[in-house]
4 protein chains.
Amino acid sequence: MSHNTFGHLFRVTTWGESHGPAIGCVIDGCPPGIAFSEAELQAFLDKRKPGQSRFVTQRREADAVRVLSGAMPQDDGSFISTGTPISLMIENTDQRSKDYSDIAKRYRPAHADYTYDVKYGIRDYRGGGRSSARETATRVAAGGLARKVVPGMTVRGALVRIGKHPIDRSRWDWDQVDKNPFFAPDPEIVPVWEDYLDEIRKAGSSVGAVIEIVAEGVPAGIGAPIYAKLDQDIASGLMSINAVKGVEIGNGFQSAEITGEENADEMRMGPDGKPVFLSNNAGGILGGISNGEPIVARFAVKPTSSILTERQSIDSDGNEVMVRTKGRHDPCVGIRAVPIGEAMVACAIADHYLRDRGQTGRLD
Amino acid sequence: MSHNTFGHLFRVTTWGESHGPAIGCVIDGCPPGIAFSEAELQAFLDKRKPGQSRFVTQRREADAVRVLSGAMPQDDGSFISTGTPISLMIENTDQRSKDYSDIAKRYRPAHADYTYDVKYGIRDYRGGGRSSARETATRVAAGGLARKVVPGMTVRGALVRIGKHPIDRSRWDWDQVDKNPFFAPDPEIVPVWEDYLDEIRKAGSSVGAVIEIVAEGVPAGIGAPIYAKLDQDIASGLMSINAVKGVEIGNGFQSAEITGEENADEMRMGPDGKPVFLSNNAGGILGGISNGEPIVARFAVKPTSSILTERQSIDSDGNEVMVRTKGRHDPCVGIRAVPIGEAMVACAIADHYLRDRGQTGRLD
Amino acid sequence: MSHNTFGHLFRVTTWGESHGPAIGCVIDGCPPGIAFSEAELQAFLDKRKPGQSRFVTQRREADAVRVLSGAMPQDDGSFISTGTPISLMIENTDQRSKDYSDIAKRYRPAHADYTYDVKYGIRDYRGGGRSSARETATRVAAGGLARKVVPGMTVRGALVRIGKHPIDRSRWDWDQVDKNPFFAPDPEIVPVWEDYLDEIRKAGSSVGAVIEIVAEGVPAGIGAPIYAKLDQDIASGLMSINAVKGVEIGNGFQSAEITGEENADEMRMGPDGKPVFLSNNAGGILGGISNGEPIVARFAVKPTSSILTERQSIDSDGNEVMVRTKGRHDPCVGIRAVPIGEAMVACAIADHYLRDRGQTGRLD
Amino acid sequence: MSHNTFGHLFRVTTWGESHGPAIGCVIDGCPPGIAFSEAELQAFLDKRKPGQSRFVTQRREADAVRVLSGAMPQDDGSFISTGTPISLMIENTDQRSKDYSDIAKRYRPAHADYTYDVKYGIRDYRGGGRSSARETATRVAAGGLARKVVPGMTVRGALVRIGKHPIDRSRWDWDQVDKNPFFAPDPEIVPVWEDYLDEIRKAGSSVGAVIEIVAEGVPAGIGAPIYAKLDQDIASGLMSINAVKGVEIGNGFQSAEITGEENADEMRMGPDGKPVFLSNNAGGILGGISNGEPIVARFAVKPTSSILTERQSIDSDGNEVMVRTKGRHDPCVGIRAVPIGEAMVACAIADHYLRDRGQTGRLD
């Protein structure tokens, strides 16, 4: 059972609501001897942080991560993991006190208000409570550690579609990703998206997006068949992100439209005497196990449910009401999902890596 | 950890290779008092069984399921579950003895041959061993029990695309699904697919497909937020099926292309005083928890990797070789994936149902 | 996998070292709607707190528990659980800065210094790090919530032996337990233990103890056969406490010495038409499932390993050294183990209770 | 959740009742490349088998174990594990058909009849169903594989007490264990136990026992702190055996009676430059982690509940009845518990070994 835990050997348990004193996570199973610093984790958090551009929510949160346990402090302020649980905490600083009597009872369409109430009979309505995207900050912090678990692995993400506007993959350039507020790998899509999102934002509307995550340097042989497939656990991690409605690996849904000849990635021996694949339709995974090629996953994020247009709904007393979400929100929540997707893919791979290597890897 | 186990409270552990004496599964956590029969489970197995039409593999397997434990036999030969582990076994009857010396060393492109060897250093090459689709027979049997765990639930599936040919959703008719060899809900696509697959089959080629699964009668409030989202576990279950490369819930990838206004499912009070949703873009799940609407999931199956055309590959000694897969295979393995997808969705929902209700539901 | 997590449906994950900024735990799976306050949890912590008498360590720690998430604050400062993870934190306030260069390398006999180093290759030597008994403070806080999960359950503990001096069970009086610094149920043993422990303490020595935990009001039918026996999970919880070397249920080791006639608890119908047992040799559990009688568990705690007498040991460089543990320590760590044992038994029973009832119990 | 599964990386799931067609287990997570044979597993099963002497039940069961999956058959009939689930099955051959109408409703004192009925509302009363000791045969088979997972490990057990008659430890001789029907390491206790058990058996009575298990060759560094202590999981495994009421490690309950000076195992450097302990009060485990010394565990088994003397009980309709257990039973079920205890200790250590080394150990 893992209501709020992701992973088995690299286990991330998150806690906290957007309007409590803090949010945080406990990373249990991180191997000992890993050097890291709060600043390194912070760099990933800053990518997800609100208020970075006019295209994301204008809430201001310092999102400063603090290491509470599981690591020996070094003289320079950095840490070395000891193999014991690493507790990370981020204090909530922007909890505007306001009157919640309105949304306490009204179910916002496409939000989890109604389903939380049905399930639990009680719900922390302040700022979305546990269903707030704020929870994902702790995932990004945990992902910062996961990246260090697999030697030589890099995990990068990019936005490949906003609404009706996909990128042109022939222009893919990783160097562009950090040079625009969208994590776009295609520089020519940037002005298109700017205009489009300005329009969406001014209309108080929102729109969906597709994100692509690529993990390179993952050795072949990671994963397991049947119910612990590496792609299954990557999909599980990505589907656990708020607002995600679809996940695909490699060719994904496109695989349904092609033939076996088109799909099969042929193999040859590389110049260094190692097997190479001549294509990567599989997205780096065969039979649930990595084949040494880059692991490629994409996920679709639905449009933010918080919109200014009034929508029909009900309240918890069964009255029919109209609901309109005021306040600061993301016109395209998919943008900030890029570092979150990276984190989940990193965590899933780290977890599988440790299954084969063991937590300490000190035996044999 | 669950290499070969799916679920937490309704736990299905599968075992067996295609060329051993038998395959089977153990269902741990099935509530007591559930009446079932081997014939009922067999009906689901028969949907998945090879040799049903010229569009699926011509292997002949009786696939007769046998109940070995966990249930009290009744006078009429049926069973009542006792709450203890239910062991189901299917004997392998069609293990043609043949010479495997060829494929024992050659890695078939797009198969898991290479990755199994890298991971384990040893591999049961006979008939694909554990990576054979034969393993899915046991899932279908387990799904037959899962369906009975949630009172009033029905889980149905249909094929909605083969290769370039999608169905016309406006013609969707569940009654058609069992009247053609494709589980097609659109009668007019049937001749199109017949011609297309005949061509594929004669060319020794293969093609992918998309399957849609719909679960009705699932009460609102099933699931959990964060890392135990119902859609996450459905996606995990579907991604665990061989050859699946993508999963989506409700609007899925289409969500990325629309606005918040288009996406939000509005709510009203129904004539019976219960909340109703005016649309189902969410696919029955909000914040990881069921909202009472039908749960809708789709998954993409890649083309069967076993094709007659020669492809470049390597063998386990590092020699470059050409590989061609002889023998009986499915031109579109997606067809037989329909009952398997139903089973995985049923198992995921049953598992979540028991989280809220408990295994026995006898307290309080 | 659960390196630092106890339980499956009522999951307690603890984190923190004695000399970091804080320790804490995350309780995942606590049912919604449970009313509690920090003061209630604090009351249990205060029982475990150092410095309460001259018979326990003289460290001074406020051990003030703080609720960070998972509960709606009420107007009176109390909380109601929402079903989401409850994060509890206790700041470390008594971290005397001192020179650890000595113990950083020397392995204290009977401590985990050596085994941590062998396993992890790195160890937080400050105050025992993760192996410090300080971790148990978070268990006691979690136990305070677990007690509320099972309606009508009470869990109490008492010290029944210190060294060679057992209590006289015929004088058992629960009312005495809170009236002496030993949690002794036998008032006449108190002066004996006082004299004995004064002697031990002055000699810089230490001594072991046996604790008995009794849970009353647990309904029949809680638990499960085979590998999820209620007694198995209680034993597992008690064995997870530092320094515990033995656990027994009901008659325990005494069962080995008696006959089937002496051991079998006979049954009759009680005046209220409910089954009653005429004795409780089983300690309230048959076949891993509660029978409605009080659940009785005992555990043995070894003497504190920190003693003033020099002992032979080695250091991490392989040098033979003499080790003597200076500083504040418990002459009988078993005393403070009483509330910890209560907490673990409460957690184990709560976990099993939820297996049968579900987390929310809102279905059916 | 693990109703019927023991272990996390070396996972044993057992199934089957004494009066169904078969019992069995699935071992998931066994590393690849382990050579074994049915004959090797059978040797352990034969130690547990009924009918070996007049001191155990006279039921006759072939208990022939069969390997159904997870291993490549070799030319000599032996197997090599492939890393996939190993399914072992034992057919039930001695199911005498008889009239169960009597015991179907009557609760046998000290059996799990009553608690199963309360929990599940239904119970397989034939031969004890799932609560039958027959389930333990599958554990012994699984233990046979677990022994091979840790290179150089040996796990042996011995009976150290029957009723009031303990062995004399000064006469301990492992070579004696297989030379008498009691697994007694003390040859001089054998005639005492023979006379005593003959008396018990003739009186239709039963008596308890204590078993000691010793695992040698376990490397230091196996286990984990807090909730995954090696001793905790050994205790959990032993407590999961039917009729076990107490478990202790090393000095166990005796630890409660001694001082810190007496208890601490001192360390020196051995002649081979490796650390050695001068005593083993800890039973080979410090802080939940192995220290390289022999791991020593003991467990107490209550007297068989099946006795010929009439006892007061009730039936499932609430009638007060007298119950007497006819038929074949063990006068001291503790004897046959020796190989079962060995199996559980082997499984617990194998599981922890793989946590540190990984399932395949092929990385790094």
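Guide: We can begin with handedness: a crossing is left-handed if the near helix is turned anticlockwise from the far one by less than a right angle, and right-handed if clockwise. Helices (H or I, at least four residues) and strands (E, at least two) are DSSP runs, numbered from the N terminus. This is a predicted model, in which local features need pLDDT of at least 70 and side-chain atom pairs count only at pLDDT 80 or more, while totals for chains, interfaces and linings use all residues. Residues are numbered from 1 along each chain as its sequence is written, chains are lettered from A and ligands numbered from 1 in the order in which they are written, and side-chain values use heavy atoms, with hydrogens and water left out.

Visitor: At what angle do the axes of H5(C) and H5(D) cross?

Guide: Axes are lines fitted to C-alpha atoms, for helices over the stretch in contact, and angles run from 0 to 180 degrees between N-to-C directions. Here the axes of H5 of chain C and H5 of chain D, each spanning residues 230-239, come within 8 Å and cross at roughly 160°. That makes H5(C) roughly antiparallel to H5(D), since angles under 35 degrees count as roughly parallel, over 145 as roughly antiparallel, 65 to 115 as roughly perpendicular and the rest as oblique. The crossing of H5(C) and H5(D) is right-handed.

Visitor: Which residues of H5(C) and H5(D) meet?

Guide: Contact means heavy atoms within 4.5 Å. On that basis C:Asp231, C:Gln232, C:Ala235, C:Ser236, C:Gly237 and C:Met239 in H5(C) meet D:Asp231, D:Gln232, D:Ala235, D:Ser236 and D:Met239 in H5(D). By class, this contact of H5(C) with H5(D) has 4 nonpolar, 5 polar and 2 charged residues, where Ala, Val, Leu, Ile, Met, Phe, Trp, Tyr, Cys and Pro count as nonpolar, Asp, Glu, Lys and Arg as charged, and the others, Gly among them, as polar.

Visitor: What rotation superposes chain D on chain C?

Guide: Copies are superposed by least squares on the C-alpha atoms of residues with pLDDT of at least 70 in both. A rotation of 180°, with 0.0 Å of shift along its axis, brings chain D onto chain C with an RMSD of 0.0 Å. That is the relation of a two-fold axis. The same surface serves both copies, as 100% of the contact residues of chain D recur in chain C.

Visitor: How does H5(C) pack against H7(C)?

Guide: H5(C) and H7 of chain C (residues 337-357) pack at an angle of about 145°, with their axes 9 Å apart, and their crossing is right-handed. The contact includes C:Leu230 and C:Ile234 of H5(C), together with C:Met344 and C:Val345 of H7(C). Its residues divide into 7 nonpolar, 3 polar and 2 charged.

Visitor: In what order do the strands of the open sheet in chain B run?

Guide: Strands of a sheet pair through backbone hydrogen bonds, either parallel or antiparallel. Two strands pair if DSSP finds at least two bridges between them. In chain B, the open sheet of 3 strands has the order E4-E7-E6, with antiparallel pairing. E4 (35-36) and E6 (71-73) of chain B stand at the edges, each with a single partner strand, so one side of each is left without a neighbour in the sheet. E4(B) and E7(B), residues 79-81, pair over 2 bridges, and B:Ala35 stands opposite B:Ile80.
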